[in-house]
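Please keep the sequence and the structure in view while reading.

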Amino acid sequence: MTLAVRYLSARTLDTAPAATAPPGPGEVELAPAYVGICGTDLHIFHGDMDARVHTPAVLGHEMSGLVTQVGPDVEGWAPGDAVTVMPLRWDDTCPACRAGHQHICQHLDFIGIDSPGAMQQRWTVPASTLIRLPDTLPLDRAALVEPTAVAVHDVGRAQVREGEKVVVVGGGPVGVLIALVARAAGADVRVVELSAHRRLLAQELGLTVWNPADDDVPKLVGAWTGDAGADVAFEVSGAAGGVDTAVDVLGVRGRLCLVAIHPRPREVNLHRFFWRELTLIGARLYDRSDFEKAVALVADGTVPAERLISKVVPLTQAPAAFEALESGGDVMKILVDCTDDAQEAAV
């Protein structure tokens, strides 16, 4: 038996033994090393996704680890291979899949939400979801490949080009990653963030950051762009005020890329969309090419993943880590360490 972190009900997690079985045809068993806790995991923790999540549910989809067993008919993988997982399983038959958009399959199984995730000591997944990691990439840093793939996809969806002026509204982990990926694409980037801790971290990474509580962000953008406005804005805050800011900073024919999950409808200044011929772009998840680019960006240090890791906790302390993230404060990304065999005796 191995241990797993399970969601039971709103604000209730536990660590409990989980049964394992040998991988079947086309499957691979992994030993997760590190698993990141993300905003979606917090939505689950709050009970916001109970209509979708079947309890008890093993959480986690930002991960790195090692192959431990290979099932029948699996080629190209062997025990000891370092991997991350693109946690998507699609049906290949729905209209979205037939149009080539498998990552937003209309019957998508997002592994770690719709089916068991990585926050356990052994995890069986389809071999088709594996992404190879360089042997030189530390596994704690590799756990940030998945959110980096989100950022790569977002920047690609917004079609960010060299020399463009980009505003990222929200300086949490994904916002900072978007800013870093956009900067690597040659854009001139500004980040808008309320948290002093997150502003400081972004500044230490060489990003220019504005505090919307003290700064007139649209006025600053006007001065920065010669009153032209930004070419692209990313809404990553999930707040109504963030939506307003993202719309207000855009210039003529600017593109607003919606990244954050807004669980309820928001009022939007549609007159500004009309007046400036703005474009709204949705961005969700990623595809394999996004993941492969993300691996390269983390491996070569373009994305300094180690700077975004605030804390690493053992699997048995994961429930407390969710509460720490919920409270905000001086926390960016918390990783759960699934590797310590001694944890089983502590439960």
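In what order do the six strands of the open sheet with parallel pairing lie? The order is β13-β12-β11-β14-β15-β16. The model discussed here is a predicted one.

**The six-stranded sheet**

From one strand to the next, the twist averages 25°. Within the sheet, strand β11 (residues 165-169) runs parallel to β14, and four bridges join the two.

Several residues of α8 are buried, namely Gly 242, Val 243, Thr 245, Ala 246 and Val 247. The buried residues of the helix pack against β11, β14 and β15, and also against the helices α7 (217-225) and α9 (270-276).

**The three-stranded sheet**

A further open sheet consists of three strands in the order β2-β1-β4, and its pairing is antiparallel. Its edge strands, β2 (12-18) and β4 (57-58), each pair on one side only. Strand β1 (residues 2-9) is joined to β4 by two bridges in the antiparallel sense. Tyr 7 has Ala 57 as its bridge partner in β4. In general, strands of a sheet pair through backbone hydrogen bonds, either parallel or antiparallel.

Pro 56 is found in the loop between α1 (39-45) and β4. The peptide bond that leads from Thr 55 to Pro 56 is cis, with omega near -10°.

**The nonpolar cores**

How many residues does the largest nonpolar core have? It has 100 residues, and those with the most contacts inside it are Leu 30, Leu 130, Val 160, Val 168, Phe 234 and Tyr 286. Helix α5 (residues 173-184) gives the most to this core, contributing seven residues. Another core lies apart from it and has 16 residues, including Val 221, Ala 230, Val 249 and Phe 273.

Leaving aside neighbours within four places in sequence, Leu 30 is in contact with residues including Met 63, Leu 66, Val 83, Val 85, Gln 121, Trp 123 and Leu 130.

Gln 121 itself lies in the loop between β8 (109-110) and β9 (123-126). A polar atom of the Gln 121 side chain is 2.9 Å from the backbone nitrogen of Leu 3.

**Selected residues and their exposure**

Which of the residues below are buried, and which are exposed or partly exposed? A residue counts as buried under 20% relative accessible area and as exposed over 50%, with partly exposed in between.

| Residue | Relative accessibility | Class |
|---|---|---|
| Leu 308 | 1% | buried |
| Met 86 | 4% | buried |
| Gln 121 | 5% | buried |
| Asp 92 | 46% | partly exposed |
| Asp 227 | 66% | exposed |

Leu 308 belongs to helix α11 (residues 305-308). Residues up to four places away in sequence not being counted, Leu 308 touches Leu 144, Val 176, Leu 177, Leu 201, Leu 205, Met 332 and Lys 333.

Met 86 occupies the loop between β6 (82-85) and β7 (88-89). Beyond its neighbours within four places in sequence, Met 86 is in contact with Thr 129, Ile 131, Tyr 286, Asp 287, Arg 288 and Phe 291.

The two aspartates of the table lie in loops. Asp 92 is in the loop between β7 and α2 (95-98), and its phi is near 65°, a positive value in a residue other than glycine. Asp 227 is in the loop between α7 and β14, and it has a positive phi of about 65° although it is not a glycine.

**Confidence in the model**

The chain has an average pLDDT of 95, and 97% of the residues score at least 70. Confidence is highest in strand β14 (residues 230-235), at 99, and lowest in helix α13 (residues 343-346), at a mean of 45. Where pLDDT is low, the predicted coordinates should not be read in detail.

Technical notes:
Residues numbered from 1 in each chain as written. Predicted model: local features only at pLDDT ≥ 70, side-chain atom pairs only at ≥ 80, totals over all residues. Heavy atoms only, no water. Pairing = 2+ DSSP bridges. Core = buried A, V, L, I, M, F, W, Y, C linked by side-chain atoms within 4.5 Å. Buried < 20%, exposed > 50% of the residue type's maximum accessible area, 1.4 Å probe, protein only. Contact = heavy atoms within 4.5 Å. pLDDT = per-residue confidence, 0-100. Polar contact = N/O pair within 3.5 Å; in protein donor to acceptor, adjacent residues only side chain to side chain. Axes fitted to C-alpha atoms, helices over the stretch in contact; angles between N-to-C directions.
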